[in-house]
There are 2 protein chains.
Amino acid sequence: MSEVHFARAALIGIGLVGSSLAHVLRRDKLADHIVACARRPETLAAVERLGLADTVTRDPAEAVKDADLVVIGTPLSAYAEIGRRVGPALAPGAILTDVGSVKGAAIRDLAPSLPPGVHLVPGHPVAGTEHSGPEAGFAEMFRDRWCILTPLPEGDAPALDKVTRLWQAAGMKVVTMDPEHHDMVLAITSHLPHLIAYTIVGTATDLEDTLKSEVIKFSAGGFRDFTRIAASDPVMWRDVFLNNREAVLEMLQRFTEDLTALQRAIRWGEGDKLEDLFTRTRAIRRSIIEAKQA
Amino acid sequence: MSEVHFARAALIGIGLVGSSLAHVLRRDKLADHIVACARRPETLAAVERLGLADTVTRDPAEAVKDADLVVIGTPLSAYAEIGRRVGPALAPGAILTDVGSVKGAAIRDLAPSLPPGVHLVPGHPVAGTEHSGPEAGFAEMFRDRWCILTPLPEGDAPALDKVTRLWQAAGMKVVTMDPEHHDMVLAITSHLPHLIAYTIVGTATDLEDTLKSEVIKFSAGGFRDFTRIAASDPVMWRDVFLNNREAVLEMLQRFTEDLTALQRAIRWGEGDKLEDLFTRTRAIRRSIIEAKQA
């Protein structure tokens with residue numbers, strides 16, 4: 001793995017992923033200058049306090065000026081507007097990448113605004129925690145996880161190579177994939193699990209107050225793992241579901257059919273069906289442990 | 001907290017919970033003699049290899065002979081038969097408790113077989129991991145978790161006190177509760193989360209093979225937390241659903257309604273509804289962290 005280096009890296013949106021990347025850039029001295037851009041002054045104050053950037057700004061156009069690397073790390077709903085604002089300010093030859101969880105929507109909202117000579121490399125580092133904001137970031141978050149890049153057919157090969165090496169420097173294994181395929185895979189591995197976790201925690205919050213306090217007390221029986229997932233950033237996740245609607249609805253439909261079948265098995269006391277499924281699901285866990293993703 | 005001590009503790013069924021309790025009994029010298037009973041010779045061989053018991057047997061009646069403490073830790077479907085077999089062999093004054101996840105069913109299946117003078121104290125230490133079998137146990141599993149006891153109205157107060165002190169010695173906080181109420185609380189905090197985790201992992205195993213290998217690879221996005229839960233013991237969980245049918249179906253019905261509402265919000269692009277829910281669920285997570293159950 002050869003070194004990768006940027007003169008000026010602009011991080012547009014600096015939450016959990018953006019700040020973790022800033023830690024990596026700092027640690028490995030991968031950029032001469034880091035500029036962080038966020039909408040909220042509190043965020044920029046935190047970035048300055050943590051020393052995550054050399055300069056900060058609320059203006060995306062100012063942030064990307066002279067940058068050879070631009071990384072968008074905002075919720076997806078901000079992409080189109082950011083694209084419009086940074087497009088005219090981007091330097092020829094600049095690489096623009098992102099870390100968003102839906103790649104079809106990222107391309108749809110960014111590509112039209114980019115001038116010729118600017119290289120779009122859509123990306124998704126599949127790593128995170130339930131915490132958000134610049135204080136939550138840490139360089140090791142990416143270690144041994146996968147990063148999926150979804151380059152355009154007409155994309156620039158050297159730009160793809162540089163973004164690949166950037167995430168490799170962060171400790172990630174990098175693969176490329178079709179954006180539509182990415183969105184389908186993530187619908188089942190990430191979007192549907194989050195939707196379900198949000199739902200069950202919501203179901204519990206609607207219980208009568210006395211029962212609710214007991215739910216918190218006895219959450220160690222399984223529920224608390226769902227609350228961790230359901231503590232993820234609300235705006236980011238709202239945008240994921242709005243922007244990966246078809247794939248999420250398709251996986252949700254399959255899930256609902258399977259759940260209905262289990263419900264029926266419980267109602268009719270069909271123990272064999274339950275045991276069969278519960279035995280099959282154990283095998284998937286073993287595969288994940290073997291793939292060192294546990 | 002005063003000391004609790006038993007002359008002879010019989011552990012009927014020695015999986016994750018039974019073996020963890022054996023570690024506690026050993027560590028704190030809470031029993032002069034520990035006898036372990038299991039159906040499968042491999043299990044008893046493991047118990048002997050691990051030094052978890054002084055004697056082992058496949059015969060529940062032999063195990064409980066002269067025991068002043070009997071702890072049933074088998075799947076729920078074995079309870080009625082165990083009750084029938086140990087009933088005539090139990091010593092007067094013996095305490096019989098269990099660790100099963102459904103208390104109504106535990107009482108239904110055990111109480112009729114017990115002779116007068118034997119004290120039934122149904123219990124449920126709410127602690128565990130996704131691993132099973134005697135190799136999986138460890139004394140610290142119970143530390144700072146809750147144990148729910150569901151004593152019968154006519155139950156013996158000194159027996160309840162001894163079982164309370166047993167779990168306190170294991171590091172647990174002990175509460176008593178009505179068995180029906182226990183089964184309702186656990187339906188939402190434990191049984192439904194497991195059912196949903198099993199379902200989504202099952203949905204993923206039914207995907208085409210190429211997609212399935214990617215699900216494993218990219219599981220860090222949320223899915224892997226579900227696979228951990230869905231790796232729990234299949235027979236134990238089959239029995240939980242069959243024996244807590246009404247409460248599970250009731251909670252499942254609420255969950256399904258909530259999921260359908262979210263599905264509709266996604267289909268119609270109602271971002272506000274999604275964001276509202278996702279913000280509310282964060283608060284529950286904070287409560288769990290504050291309650292030190294995270």
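At what angle do helix α4 (residues 79-86) of chain B and helix α5 (residues 103-110) of chain B pack? In this predicted model, local features need pLDDT of at least 70 and side-chain atom pairs count only at pLDDT 80 or more, while totals for chains, interfaces and linings use all residues. Residues are numbered from 1 along each chain as its sequence is written, with chains lettered from A and ligands numbered from 1 in the order in which they are written.

The two helices (DSSP runs of H or I, at least four residues, numbered from the N terminus) pack at about 35°, and their axes sit 8 Å apart. Here axes are lines fitted to C-alpha atoms over the stretch in contact, and angles run from 0 to 180 degrees between N-to-C directions. On the α4(B) side, Tyr79(B), Ala80(B) and Gly83(B) meet Ala106(B), Asp109(B) and Leu110(B) of α5(B); contact means C-beta atoms, placed from the backbone, within 7 Å.

Now for the pair of chains.

Where the chains touch, 77 residues of chain B are in contact with 77 of chain A. Elements giving two or more residues to chain B's side include α8 (209-217) and α9 (223-229), but the largest share, 18 residues, comes from α7(B). The copies meet through the same surface, because 100% of the interface residues of chain B are also interface residues in chain A.

Key: Contact = placed C-beta atoms within 7 Å.
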